[in-house]
Amino acid sequence: MSKNVYLIIFTILAFSACKENSFKKGSDGLEYKIISSGSGPQVQYGNFLQMQIGQYYNNGTTDSLLSDSRTTASLIEPLDSVNTPKQYYDILKQLKKGDSLVIRILVDSAFKKSPEQMPPFLKKGHYLTTTVKVLNIFTERAQADSARNAAMAEMQERNKKLEAEQVGKDEKLINEYLQKNNVQAVKAPGGTYVQIIDPGTGANIDTTVVVKTNYTGRTLEGKAFDSNTDPAFNHVEPFMVNMTNDPSLGSGVIKGWTDGLTMLKKGAKAKFFIPSSLGYGAQGAGGEIPPFTSLVFDIEVVDVLNKAQAQKEMQAQMQKAQMMQQRMTDSMQRANPQPK
């Protein structure tokens, strides 16, 4: 496993299955429990582990699924001192093919060295727990590469089937929501439902422009997961949506956005009701957006820019970001002067 993979993968088993006194102490705040049902020799240094991993967080009352490799692909990583942090290596080296493992750590310990990287929905005093199922152990890289390619192909085929099945479910769910809440919406060409609150003026947005927007994203249940108008999300500047095929004008967005924006004009205000197939699909997006989640976005079209205007706007934003970074650097240097 790469160091980054180890830092972001945290999963949780039902607490009823994990008695407090059944965990052993690892290093750096880790606790672990091996459920041995495997056979054969233990994994050796330099071998490749094929593992099934899920991701959960417990907020003290309920478990939230962050991700599950059963909806993506099994993870295949080398077990060595280069790719594997020592605190994890000491635990994983005990495993055999078929074994299961639970690793847990308090949020406090997980982000002790980098508290600024802790997502806002995580709270100190709660556990992040990793569960691992060892599917296979490979001694050669060629074997691992072959298994990785097979797992990716299987994932792609599975997701195609699941997404095809999900289209009808999303359609039914969104239509029921619109009817229940007495919302009048039109369907964009790609399948996004658009409630136009203010149509705006001028020409409809197309694929030759970059759109400056304000937005708030919610689930159908009403839970906000992102916004550039709510200071709580720490980015209150207009968001640039690149509708063109020119990557120099910015990155793209989910298909539901580009689909819905073609129904709007400059100054428009609307709500987008986006089926999961046009959102984050089978992958979801971290702990805030589970797999196959339909979304609602409040959208305001602040401005519509041609390519030249967009390039000028991006340069201005970059200069502003550089100035802010310089101010922070200067402030830190004043607060911590170097000894002469």
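Reader: What makes Phe297 count as buried?
Author: This is a predicted model, and every value here is computed from it. Phe297 has a relative accessible area of 4%. Buried means under 20%. So Phe297 is buried.

Reader: Why does Phe225 count as buried?
Author: The relative accessibility of Phe225 is 12%. The limit is under 20%, so Phe225 counts as buried.

Reader: What makes the pair of Phe225 and Phe297 edge-to-face?
Author: Two numbers decide it. The ring centres are 5.7 Å apart, and a pair needs centres within 6.5 Å. The planes stand at 90 degrees, and over 60 counts as edge-to-face. The pair is therefore edge-to-face.

Reader: Which parts does this pair tie together?
Author: Phe225 belongs to strand β13 (residues 224-227), and Phe297 to strand β16. The pair therefore ties together parts that are 72 residues apart in sequence. Ring pairs also link Phe225 and Phe297 into a cluster with Tyr215, Phe239 and Trp257.

Reader: How many aromatic pairs does the count come to?
Author: Nine. One of them joins Tyr45 and Tyr89.

Reader: How do you know which class the pair of Tyr45 and Tyr89 falls in?
Author: The centres lie 6.0 Å apart, with 70 degrees between the planes. The distance is within 6.5 Å and the angle is over 60, so this pair is edge-to-face. Tyr45 sits in the loop between β3 (39-42) and β4, and Tyr89 in helix α2, so parts 44 residues apart in sequence are tied together.

Reader: Where does Arg104 lie relative to Phe23?
Author: Over the face of Phe23, at 4.1 Å from the ring centre. Arg104 also lies over the face of Tyr127, at 4.2 Å from that ring centre. The cut-off for distance is within 6 Å, and both values meet it.

Reader: Which residues of the largest nonpolar core touch the most other members?
Author: Leu49, Leu101, Ile103 and Leu128, out of 24 residues. β4 (48-58), α2 (86-92), β8 (100-106) and β9 (127-138) each supply at least two residues of this core. Another core lies apart from it, with 23 residues, including Val241, Phe272, Ile289 and Phe297.

Reader: How do you know what span is expected for helix α4?
Author: Helix α4 (residues 141-180) has 40 residues. At 1.5 Å a residue, the expected span is 58 Å. The helix reaches 55 Å from its first C-alpha to its last, which is close to that.

Reader: Where is the kink in α4 centred?
Author: On Gln166, with a bend of about 30 degrees. Gln166 is among the buried residues of α4, as are Ala144, Met155, Asp170 and Leu178. What covers the buried residues includes β4, β6 (75-78), β9, β11 (193-198) and β15. Just after α4, Asn182 takes a positive phi of about 55 degrees.

Reader: Why does Ser276 count as buried?
Author: Its relative accessibility is 1%, and the limit is under 20%, so Ser276 is buried. Ser276 lies in the loop between β15 (269-274) and β16 (295-305). Beyond its neighbours within four places in sequence, Ser276 is in contact with Gln166, Asp170, Gly281, Phe292, Thr293 and Ser294.

Reader: What makes Gln283 count as partly exposed?
Author: Gln283 has its place in the loop between β15 and β16. The relative accessibility of Gln283 is 39%.

Methods. Residues are numbered from 1 along each chain as its sequence is written. This is a predicted model: local features need pLDDT of at least 70, side-chain atom pairs count only at pLDDT 80 or more; totals for chains, interfaces and linings use all residues. Side-chain values use heavy atoms; hydrogens and water are left out. Helices (H or I, at least four residues) and strands (E, at least two) are DSSP runs, numbered from the N terminus. Buried means under 20% relative accessible area, exposed over 50%, partly exposed in between (1.4 Å probe, protein chains only). Contact means heavy atoms within 4.5 Å. A nonpolar core is a set of buried Ala, Val, Leu, Ile, Met, Phe, Trp, Tyr and Cys residues joined through side-chain atoms within 4.5 Å. The expected span of a helix is 1.5 Å times one less than its number of residues. The bend at a residue is the angle between axes fitted to the seven residues ending there and the seven starting there. Rings of Phe, Tyr and Trp (its six-membered ring) pair if their centres lie within 6.5 Å; planes under 30 degrees apart count as stacked, over 60 as edge-to-face and the rest as tilted. A charge sits over a ring if NZ of Lys or CZ of Arg is within 6 Å of the ring centre and within 35 degrees of the ring normal.
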